[in-house]
Amino acid sequence: MLARLDYIRLAPQVILDAGSGTGNAVGGLLARWPRARLVALDLALSMARRARARRPWWRSLPGLGGRRLAAVCGDIERLPIASGGVGMVWSNLALQWINEPQRALAEMHRVLAPGGLVLFSSFGPDTLKELRAAFGSDDRHTHVHRFIDLHDVGDLLVACGFADPVMDMEVVTLTYTGVRELMRDLKAIGAHNLTRGRPAGLGGRSLLERVARNYEAFRRDGKLPATFEVIYGHAWKPQLRLTADGKPIIPLKPLR
């Protein structure tokens, strides 16, 4: 994600890291734009606190740049940020966990200034396809999240008012010695199943044992693969069009 910024000509004064987690991108973003202010936002208060802790202690001293980083506990679908004040929204692997991605993208569009950029990554529908197959039809509950397709994300960007969306994808395959190791990794990145009506947790011991047996069909060279389809996208909030005397042109939707 940071490397993709090499191809972007932008000098944002305010950057929103939407779904910042523990703040892995904080250092890279502030190093790239040393004069920008960064707002690291996450729904989990503990994550926001860890992101804030990435600021060196001496930066909290008066006059030494302590105001460059603000950690905020908030919801991406209801951003606690004023409209039109953000130059860039950065969101790395957060959109896939959101109940209503269109609402989140609409909020990002709202807080962006005209000419601002949204840059994000997410997971596509082939993510964890082996695990989904291993669960199969063991019971009536959904155990593996259904991730949104790349083309659908592009359509949502346009529907939210973004211009010139660019989407691409890559497949990353991780390998594990066993299913329990994979489950621990998923839990560590916050991949909890929140399907309405299903039991809490990843399942009982008997279910996990059945999944582990089913997953063995995918073992290659002594390892179990786990596929992650990573989607990347960026789009711009259009600049306001002005009349000759400087008044904004507001396009009207045609009557139906």
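A salt bridge is here a side-chain nitrogen of Lys or Arg within 4 Å of a carboxyl oxygen of Asp or Glu, and the side chains of D6 and R32 meet in such a bridge at 3.1 Å, N to O. The model is a predicted one, in which local features need pLDDT of at least 70 and side-chain atom pairs count only at pLDDT 80 or more, while totals for chains, interfaces and linings use all residues. Residues are numbered from 1 along each chain as its sequence is written, and side-chain values use heavy atoms, with hydrogens and water left out.

**Salt bridges**

- The structure holds six salt bridges, one of which is the pair D6 and R32; this pair links distant parts of the chain, since D6 lies in the segment before β1 (14–18) and R32, 26 residues away, lies in helix α1. Helices (H or I, at least four residues) and strands (E, at least two) are DSSP runs numbered from the N terminus.
- D6 counts as exposed at 54% relative accessibility, whereas R32 is partly exposed with a relative accessible area of 32%; buried means under 20% relative accessible area, exposed over 50%, and partly exposed in between, with a 1.4 Å probe and protein chains only.
- A further salt bridge joins the side chains of D75 and R78 at 3.5 Å, N to O, and here the Asp, D75, is partly exposed at 25% relative accessibility, while R78 is exposed with a relative accessible area of 52%.
- The side chains of E107 and R110 also meet in a salt bridge, at 2.8 Å, N to O, and both residues lie in helix α3 (residues 101–111), three residues apart, about one turn of the helix.
- Within that pair, E107 counts as buried at 15% relative accessibility, and R110 counts as partly exposed at 25%.

**Nonpolar cores**

- The largest nonpolar core has 38 residues, and those with the most contacts inside it are L29, M88, W90, L131, L182 and Y215; a nonpolar core is a set of buried Ala, Val, Leu, Ile, Met, Phe, Trp, Tyr and Cys residues joined through side-chain atoms within 4.5 Å.
- Two or more residues of this core come from each of the elements α1 (26–32), β2 (37–42), β4 (86–92), β5 (112–123), α4 (129–135), α6 (179–188), α7 (205–215) and β7 (224–236), and β7 gives the most, with five residues.
- Apart from this core lies another, of 25 residues, among them V111, L157, C160 and A235.

**Strands around β2**

- Strand β2 is mostly covered, with five of its six residues buried.
- On one pairing, β1 and β2 run in the parallel sense over five bridges, with A18 standing opposite L41 in β2; two strands pair if DSSP finds at least two bridges between them.
- The chain crosses from β1 through α1 to β2, and this β-α-β crossover is right-handed, meaning that, with the strands pointing away from the viewer, the path from the first strand over the helix to the second runs clockwise.
- Five bridges also join β2 to strand β3 (residues 69–73), again in parallel, and in this pairing L38 stands opposite L69 in β3.

**Residues with positive phi**

- Most residues other than glycine have a negative phi.
- D164, in strand β6 (residues 163–176), has a positive phi near 50°, and D164 counts as exposed at 58% relative accessibility.
- D221, in the loop between α7 and β7, has a positive phi near 55°, and D221 likewise counts as exposed, at 84% relative accessibility.

**Cavities**

- The structure holds two cavities of 30 Å³ or more; on a 1 Å grid over the protein atoms alone, a cavity is a set of points where a 1.4 Å probe fits but cannot get out, and lining residues have an atom within 4 Å of a point.
- The second largest cavity has a volume of about 50 Å³, where grid points are joined across faces, edges and corners and a volume is the space filled by probe spheres set on the points.
- The lining of the second largest cavity is formed by L95, Q96, P101, L105, F120, S122, I148, V153 and L156, and the elements that give two or more residues to this lining are α3, β5 and α5 (150–159).

Technical notes. 1 Å grid on protein atoms, 1.4 Å probe; cavity = no way out; pocket = protein on both sides within 12 Å on 5 of 7 lines; lining within 4 Å.
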